[in-house]
Amino acid sequence: MENKTEVYIKYAIGEIILVVIGILIALQINNWNEERKDNIAENNALVALKNEFDWNIKRLQNICQGRNSAYSDRLKYWNLITNDSIPFETKFEAYPKGFFGGSWAAQNTVLNGLVNSGQIDNIKNDTLKKLLISWPNQVKFWDDDEDKWQDANTNLSNYLITRLRRVPAFTSEGNLWQSNYENYNDEIKSQTLSFINDLEYQNLLSKNINQLYILTIHCDRLMATYQKIISNLNREIKLRNIK
């Protein structure tokens, strides 16, 4: 009886060990599958993020080019009109040209989706993860200051509306009005003379220039962050041999 009991105990222990080993193997296989799924999801996210950031930065480059040009032109103009030794004719002819006034409207659909779903944690590159998490805040700072600049533009435009006469764009015959408005340039000169030395006008222009300067700083910061993000993305994509 004692021998049979000992055999049963050994058999039971063996069964338990086999069950435990089976459970451990199943858990390991499950972990491998989950890790494989996470790697696939991370690979897809890296490619999607690169495409999204490349689109955003191409758009931002055009916007920044316009903002930098507008800042430079308007600053030169402001320095000119606030110099009493410069004749009015020179000031009038130096009025800043038009500029690209579109908005950036950055697209962060992929990034926001990763952050909101928690899948951003799947990205193992800690440096890249921190840069990605900080990006939406930088975009928000840009949007806030862009709104302030647009407000400054509106205030300046509203001022000019009360000082410069507007005429119809076309005559009844469909010709451009410039061809039939012989005294237009002289009248514009006369109207400009009435406000070009006005402190209110100069201050509104100054505020507009200040907001443009802030946007040029944002441009440099966003470009620097983008370069870090895209560098890390490219490194990860190359290491993983993602096609």
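A search of the whole structure, which is a predicted model, finds eight aromatic pairs. Tyr 71 and Tyr 213 form one of these pairs, and its geometry is tilted. This pair links distant parts of the chain: Tyr 71 belongs to helix α1 (residues 2–81) and Tyr 213 to helix α6 (residues 199–239), with the two tyrosines 142 residues apart. Tyr 71 is partly exposed at a relative accessible area of 21%, and Tyr 213 is also partly exposed, with a value of 42%.

Another tilted pair is formed by Phe 88 and Phe 92. Both phenylalanines lie in helix α2 (residues 88–93), four residues apart, or about one turn of the helix. Phe 88 is partly exposed, its relative accessible area being 21%. Phe 92 has a relative accessible area of 15%, and because buried means under 20%, Phe 92 counts as buried.

A pair of aromatic rings is described by the distance of the centres and the angle of the planes. The table gives these values for the two pairs.

| Pair | Centre to centre | Angle between the planes | Geometry |
|---|---|---|---|
| Tyr 71 and Tyr 213 | 5.6 Å | 40 degrees | tilted |
| Phe 88 and Phe 92 | 6.0 Å | 35 degrees | tilted |

Phe 53, Trp 104, Trp 135 and Trp 142 together make up one aromatic cluster. Arg 163 is placed over the face of Tyr 159, at a distance of 3.8 Å from the ring centre.

Notes. Residues are numbered from 1 along each chain as its sequence is written. This is a predicted model: local features need pLDDT of at least 70, side-chain atom pairs count only at pLDDT 80 or more; totals for chains, interfaces and linings use all residues. Side-chain values use heavy atoms; hydrogens and water are left out. Rings of Phe, Tyr and Trp (its six-membered ring) pair if their centres lie within 6.5 Å; planes under 30 degrees apart count as stacked, over 60 as edge-to-face and the rest as tilted. Buried means under 20% relative accessible area, exposed over 50%, partly exposed in between (1.4 Å probe, protein chains only). A charge sits over a ring if NZ of Lys or CZ of Arg is within 6 Å of the ring centre and within 35 degrees of the ring normal.
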